Amino acid sequence: MKHALHLQPRCNRLLWVTNAICTSSTGRNCSTISIRLGYTMKTIPPPLRFAIFSLAVCLLFAASVSIAFAQKSSKPAANHSAAPPPLLLGTAWYPEQWPEARWEADLDLMQKAGIHFVRVGEFAWSTMEPAEGDYHFGWLERAIDEASQHGIYTVLGTPTAAPPAWLTQKYPETLRTEEDGRKAEHGNRQQFNWDNPKYRELARDIASRMAQRFGHNPYVIGWQIDNEYSQVSFDPQTRADFQSWLKNRYGTLDNLNTRWTTAYWSQTYSNWNQIPIETKYGNPGLLLSWKRFVSDTWRSYQKNQLDAIRQYTAPRQFITTNMMGWFQGYNHYVVAQDLDLAAWDDYVGEGHLNPYKNGSTDDLTRGFKQKNFWVMETQPGHVNWAPVNNDLNKGEVRAMAWHNVGHGADAVSYWQWRSALNGQEEYHGTLVGADGTPVPLYPEVAELGKEFTKAGPALAGTSPKSQVAILHTYGSVWAIDWQRHNKNYDPIAELLSYYQPLHDIAQSIDIVQPTVPLGQYKLVVAPGLNVLSKAAAKNLVDYVKNGGHLVLGQRFGMKNNDNGLQTERQPGPLVPLLGGRVEQYYALENPVAVTGQFGDNTSKLWAELLSTSSPDTQVIATYGKSNGWLDGKPAIITRKVGKGSITYVGVWMDEAGMAKLAQWMTGMSGVNTPLANVPTGVEVDPRYGKNHTVFILVNFSSNPQTVPLAASMQDVLHGGPVLSVTLPQYGVSVLSEAKQ
Ligand code: GAL
């Protein structure tokens with residue numbers, strides 16, 4: 001705005017100033033207005049022109065002063081470039097918990113650690129609006145501004161996961177009701193009812209006021225709505241809304257009664273208002289419907305704030321929320337639809353990083369939007385909520401962050417910068433201690449900060465690209481969990497038993513819904529895809545007929561989209577394509593022997609007795625001696641379909657067996673290993689750009705490992721070409737290979 005003070009009595013200056021003020025006050029370029037103004041000036045006689053000009057200068061000066069006050073944060077910061085860097089390191093910062101005089105010291109330490117952004121505000125409602133209608137955003141603006149002076153951007157969280165006491169006192173109807181009928185109280189967080197209209201009105205109000213204030217702030221790069229959606233409500237209004245949702249979905253009670261087979265146990269409904277909420281032991285159609293209602297209600301809860309924010313923000317500001325990996329509370333695909341990018345909170349809790357578990361969760365999150373994602377929170381060393389809150393080992397925090405990046409994270413952010421001096425999480429890991437000075441982990445994170453800045457340009461525009469997809473739906477996981485049939489049958493563990501050996505070979509796996517386009521994959525694997533919609537079945541049949549290789553795992557296609565039994569037995573509508581089916585399933589007390597294509601192995605927990613009905617369906621593994629029913633019967637069958645194939649795996653083998661199965665699946669489908677000759681324990685994650693590939697290597701084994709390269713690559717972190725790299729435990733290498 002300082003330019004407004006240096007006016008010359010010339011029309012083009014006036015145009016320039018008009019445009020500058022207009023742009024900074026609205027965030028948009030107003031050249032049309034200024035061109036029109038310039039044209040009008042030229043048509044007026046010179047003396048009058050000068051008088052008008054003087055008046056305009058005064059007005060513009062007044063406007064510029066008031067805008068300068070209103071937009072104090074728009075002054076340029078020392079280290080800012082126009083756009084945030086492509087790879088970001090961040091931390092959750094709670095300026096509202098500290099005297100403003102302390103901010104400078106914290107931000108200085110953050111800057112020294114190479115922190116690129118802070119996430120701020122997500123629990124600060126009582127500071128933003130201490131009494132109803134009394135809004136205080138000045139402190140937040142000052143915090144954003146001061147951060148920007150240190151070259152640090154801000155992601156703003158809407159504070160709706162922690163409504164203030166005045167709100168819950170004045171509007172007790174906004175409190176959620178637990179399943180046992182108790183009302184939640186103030187004193188913790190997430191006490192609100194996600195379905196309550198009054199709460200939505202209040203949430204929309206605070207979100208839209210924040211957006212009006214910060215929607216064009218140059219240092220605010222994005223928004224997080226609420227925080228870790230999880231708690232739902234069982235109050236009478238929510239139940240009535242669920243019943244309306246059912247009416248909308250099923251149309252008539254006759255239809256609902258048929259599809260849920262309510263004649264069973266006299267469950268037939270003659271009025272919508274008779275339908276209860278069940279979460280564990282109800283009719284399977286009812287259970288699945290409740291979860292779908294919960295998911296849709298989270299989506300509309302989120303949309304309420306999202307629309308309010310979108311109305312006032314610059315398009316460059318993204319909107320996301322922080323999800324929780326494999327958390328089963330709602331269908332994340334449904335909720336992610338409206339977001340610009342997906343993000344998750346990555347906590348190991350007790351123990352140490354399991355690269356397959358963590359990497360698959362990254363891949364799951366990447367699958368929500370089928371693009372790169374953010375790790376919005378991760379642990380700086382330890383948490384405070386696990387049975388044993390051990391620290392990650394020295395070097396493990398850095399390895400974990402790079403591992404996230406290898407799987408497609410474009411940002412990793414630590415929760416939190418410094419513990420509040422009181423409050424429920426005093427013991428949680430931080431980057432500075434209660435005295436405000438760095439903890440021992442700080443230098444490791446500072447190293448990451450430098451590395452992220454250095455590697456950003458090489459990683460810009462790159463993302464994982466997989467040859468293999470593992471299919472997953474929330475409905476299937478819920479359905480198996482409600483009726484495990486063997487208490488130890490964990491559907492996520494079954495999925496991971498495929499993921500692990502396949503990742504070792506393909507070095508990158510997509511986890512996606514069965515309804516997405518599959519043509520790009522050489523191999524598609526569907527373990528535990530229990531609930532199968534007609535659309536998904538058709539997509540899979542088309543994939544095979546078009547030359548794809550499809551492998552179905554245990555419990556595939558047993559259920560229809562209402563969680564009822566498919567009448568073909570497994571794999572439901574894919575029986576004709578397979579030329580075979582499941583004759584019977586057996587929950588196992590002890591593992592049973594399996595022999596054939598993959599050597600001698602066992603199936604644990606579960607075994608499916610298969611049969612073939614088509615002469616070209618081959619049996620490639622059979623059961624050994626077991627319960628009599630399974631003895632000598634088919635355990636794995638496969639059939640070629642044109643250039644493609646379909647295989648049914650009725651067993652869940654141990655690691656060695658699954659590794660052989662993975663060799664076979666990738667071999668027959670032509671999946672290759674992007675970076676060959678990598679020793680066991682070193683994970684390789686390729687990210688592909690237009691003209692180059694970046695390989696991120698992390699050594700998770702306890703010994704140093706050397707990775708020889710077939711041709712020289714650029715060492716992104718240390719510079720220069722390399723022909724091999726040696727990595728200590730938790731060592732990381734980032735290598736860039738130009739496309740041939
Ligand atoms: C997350 C939550 C944070 C903090 C953290 C502690 O689930 O979003 O606010 O509580 O856990 O690990």
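**Close-up views of the predicted model**

**View A. Residue Q416 is found in the loop between strand β9 and helix α15 (442–459).** The model shown here and in the views below is predicted. A cis peptide bond joins W415 to Q416, with omega of about 0°. A further cis peptide bond joins Q570 and P571, where omega is about -5°. P571 belongs to the loop between β13 (549–552) and α19 (575–578).

**View B. Strand β8 (residues 373–378) pairs with strand β7 (residues 343–346) and with strand β9 (residues 409–414).** Strand β8 is mostly covered, six of its six residues being buried. β7 and β8 run parallel and are joined by four bridges; in this pairing D345 stands opposite E377 of β8. From β7 the chain passes through helix α13 (residues 355–369) to reach β8, a β-α-β crossover that is right-handed. The pairing of β8 with β9 is likewise in the parallel sense, over four bridges, and T378 stands opposite Y414 of β9. A right-handed β-α-β unit is made by β8, helix α14 (residues 396–406) and β9.

**View C. Residues Q370 and Q507 have positive phi values although neither is a glycine.** For Q370, phi is about 50°, and the residue is placed in the loop between α13 and β8. For Q507, phi is near 65°, and its place is in the loop between α17 and β11 (509–512). Q370 is partly exposed, with a relative accessible area of 42%, whereas Q507, at 5% relative accessibility, counts as buried.

**View D. The rings of Y489 and W652 form an edge-to-face aromatic pair.** The model contains 37 aromatic pairs. In the pair of Y489 and W652, the centres lie 5.1 Å apart and the planes make an angle of 75°. This pair links distant parts of the chain, 163 residues apart: Y489 lies in the loop between α16 (474–482) and α17 (491–506), and W652 in the loop between β20 (644–649) and α20 (655–669). Because its relative accessible area is 0%, Y489 counts as buried. W652 is buried as well, with a relative accessible area of 5%.

**View E. F598 and W664 also form an edge-to-face aromatic pair.** The centres of these rings are 5.8 Å apart, with 75° between the planes. F598 lies in the loop between β15 (592–596) and β16 (601–603), while W664 lies in helix α20, so this pair ties together parts that are 66 residues apart in sequence. F598 is buried, having a relative accessible area of 3%. W664 has a relative accessibility of 18% and therefore counts as buried, since the limit is 20%.

**View F. The charged ends of R418 and R555 sit over aromatic rings.** The charged end of R418 sits over the ring of W98, at 3.9 Å from the ring centre. The charged end of R555 sits over the ring of Y489, at 4.5 Å from the ring centre.

**View G. The whole chain has 20 helices and 25 strands.** Of its 740 residues, 58% are buried. Among contacts between residues at least 6 apart in sequence, 72% join residues at least 24 apart. The accessible surface of the chain comes to about 30600 Å², and 54% of this surface belongs to carbon and sulfur atoms.

Methods
Residues numbered from 1 in each chain as written. Predicted model: local features only at pLDDT ≥ 70, side-chain atom pairs only at ≥ 80, totals over all residues. Heavy atoms only, no water. Phe/Tyr/Trp six-rings, centres within 6.5 Å; stacked < 30°, edge-to-face > 60°. Helix = DSSP H or I, 4+ residues; strand = E, 2+ residues; numbered from the N terminus. Buried < 20%, exposed > 50% of the residue type's maximum accessible area, 1.4 Å probe, protein only. Lys NZ or Arg CZ within 6 Å of the ring centre and 35° of its normal. Contact = heavy atoms within 4.5 Å. Areas by Shrake-Rupley, 256 points an atom, 1.4 Å probe, with all protein chains shown as cover. Pairing = 2+ DSSP bridges. Right-handed = clockwise from strand over helix to strand, strands pointing away.
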